[in-house]
Amino acid sequence: MQAHQRMLDPTPKGQNSGESPLLRTIGLTKRYGDLLANDSIDIDIWPREIHALLGENGAGKSTLVKAIYGLIQPSAGQIRWQGQRIVLSGPSEARSRGIGMVFQHFSLFDNLTVAENVALGLDGQESFKDMSARLEQVSRTYGLPLDPKREVWQLSVGERQRIEIVRALMQDPKFLILDEPTAVLTPQEADQLFIVLERLKAEGRAILYISHKLEEVKRLCDTATILRGGRKVETCNPRLDTAASLARMMVGGEVKEVKAVSGRKTTVPRLVVNDLSLAPSEAHGVRLDHISFELKGGEILGIAGVAGNGQDELFAALSGERLAKDPGTVVIEGIAAGHLSITQRRKLGAAFVPEERLGHGTAPRMKLSENALLTGHAASGMVRRGFIDTAATLKTVDRATETFDVRKAKRDPEAASLSGGNLQKFIVGREILRNPAVLVASQPTWGVDAGAAAVIRQALLDLATAGAAVLVTSQDLDELAEIADRIAVMFHGKLSAPLATSEATREKLGLLMGGSSLEPKEVAHAAGA
Amino acid sequence: MELVEAIILAVLAASTPLLIAATGELVAERSGVLNLGVEGMMIVGAACGFAGAWLTGSILVGALFGIIAGTLMSLVFALMALGLAVNQVATGLALTILGIGLSGLIGAGFVGERITPAVHLYIPVLTDIPLIGRVLFGEDGFIYFSVALIVGVWWFLYRTRAGLILRACGDNHVSAHALGYPVLRIRTFAVMFGGACAGLAGAYLPLAYTPFFIPGMTAGRGWIALALVVFSSWRPGRLVVGAYLFGAVTILQLHAQGWGVGIPSQFMSALPYLATVIVLVLLSRARTGGSTAPAALGTVFVSDR
């Protein structure tokens, strides 16, 4: 309803009534072949406004901002900047007009220095020396500390984001686009970012804030535009809507609630890690540092933490992609497995869902049946006397399709042809259908639409209810709160003592994610719970 | 004394085509393109360079012919590997095979002909200084040019904005594109520069090194230049050191044969490659972080515009 008021009344805040929108798209359309990535989108951005762009993956958010930033040319429709129609020849023209952008996947150069990275984002009218001086000044002014001489690969994710923001601010933009900026930050780092954004708003700049974190949007944003399937659904004031109603508009229907069975019974320990330490295998890897935990049947343990704190290394050590020196460091179903290969661990009843769907979870150019065979050959009867039982592999595909609602064009397509959500449902389904005793899943719903994410979370809960031990690594604290019984945090290769989910507030988890430790008594209390 | 001077002169002459060709390839690889066709571009440069000099009687025109021929060859590569996003390794290898055939065709009529080779500098008094006189003040123009070239490339890569952008394309073409840099255009220029250098390096052989043309006269120098770029870990300073080192090995091999040293000449010919392998191992062991090679080297870039 707000949308209509907004459209009728061009001065929604009841002030600055002489002003016109800073940026306006009219009927903006982008077509890729048969696909309408953006279908006639109208959006108005006003000065002094933090405007949220909400939508699921594939809703057209990225396409829209790429067009506004001049990275792609719209197929139809127009962009008006300060009341005048503009056709952007490229990002450098967008930048020179005062449009800045902070990318989700940082557009940084790992082997160049901070100053060189910033220089590349500017148009090069000033000398490198002057630019460096100004860089230090801007980073001081906004409280975004940076060392210009360091190379990017040495920096943390938060520091990398600071480079992007400082780079954008150095052009003194009137309008700044941020693409999911908090996806990689701890709650505390996100709070710091919000302070910077509020300040930019107070300076009279406009901000377009892409996110799917609804609470964050309600807290920060003045206006929200919701996209679904390439079309604009609504423009509203997010503060007046509930998170649930925003989610409904994003998804276009009710999001299925994940139902946990209360009073799940925990049984025997099925996955035990004892004092696991492992040197990094790559130059920039993280050293696993004395990790210990015990996971019983019927239990879900969540592992939170900012990406790159050893989660990948832990997954590799648990799955057997990397072997531990001491067999006793990883115990699966009571058997010391630290020295066992992936296949041997699967035979013990373990199953693994890696983070990367294409390339790690599946071979992209192979069919689903072949991908089913890749993890199922050891223990699922798909191989007889060294020959592949094609019928059995196809049956697995059919069962996964049916049980987990995998949508695909034909019975047995190539893995790469599935959408992210459907492929992830297939991968999780493939592993769960093997009835594992232990399931280790890394970021199981990363980049997956809300519907598929709900299916996957429900499947993990059901698996635990059936008696399996489930370990889930995720950066989404809401997800962990929803399904995990206990939550531990990884930081610099160390794993904190697990907190019961009821005790694990965002504040506590945020502190642990930033490397602080909790009061000793709180941990003791939580461990006893 | 005279032997030492003779050896230094021979080493400089043998190193110069390696240095010129490797300088060009360094720039191409720094932009993220792996062009394995250096040998092919060199040999076409040699044939065309000789043809140009023989037809006009001018070494300079010959050198220009070599440069143009190498550039045209590199444009074939750019069209395939950049324009059509074909696999760079396959395209580069095909370019070498094409070049060897093409040079035989172009040069067929010139086999057995002779030209007057490039003149050497002579400055009275200075050139007559014993030992270093001829080394420093009595070389042909190509050698001075090769030194200026690598210094210029160093300055370009590390002191100019254009050089920074070129390195950025080699490090991460997706980011470079997102910031609005024309990745494919920049890479095309880098590949053309590589081709021009390879063509000039090839032309050096019949114009200054030996004053006649024989088919296949580059004799694997293009491959050594490629190894040299890796050996230098993509840094101009180390490239100079490597070029003279590899040149010295080639000369050593000839002299060792002359002196009757019992090392098989094949082993000596393999030395540059062996040295490259050893350097690669040492570099990766000593590495603290970052990547030594341009991170986007050899990967295909397709803009989504």
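In the hairpin of strands 9 and 10 of chain A, with 2 residues between the strands, G229(A) has a positive phi near 55 degrees. Strands here are DSSP runs of E, at least two residues, and helices are runs of H or I, at least four residues, numbered from the N terminus. R228(A) is opposite R231(A) of strand 10.

The model is predicted, so local features need pLDDT of at least 70 and side-chain atom pairs pLDDT 80 or more, while totals for chains, interfaces and linings use all residues. Residues are numbered from 1 along each chain as its sequence is written, with chains lettered from A and ligands numbered from 1 in the order written.

Next, the domains. The assignment, automatic or from a database, gives chain A domain 1 (109-171) and domain 2 (269-366 + 435-528).

Now the interface. 22 residues of chain A contact 18 residues of chain B, contact being C-beta atoms, placed from the backbone, within 7 Å. On the chain A side, helix 3 (91-97) and helix 4 (114-121) each give at least two residues. Helix 4 has the largest share, 4 residues.

Last, V470(A). Apart from neighbours within four places in sequence, V470(A) contacts I300(A), L439(A), L460(A), L463(A) and A464(A).

Methods. Pairing = 2+ DSSP bridges. Contact = placed C-beta atoms within 7 Å.
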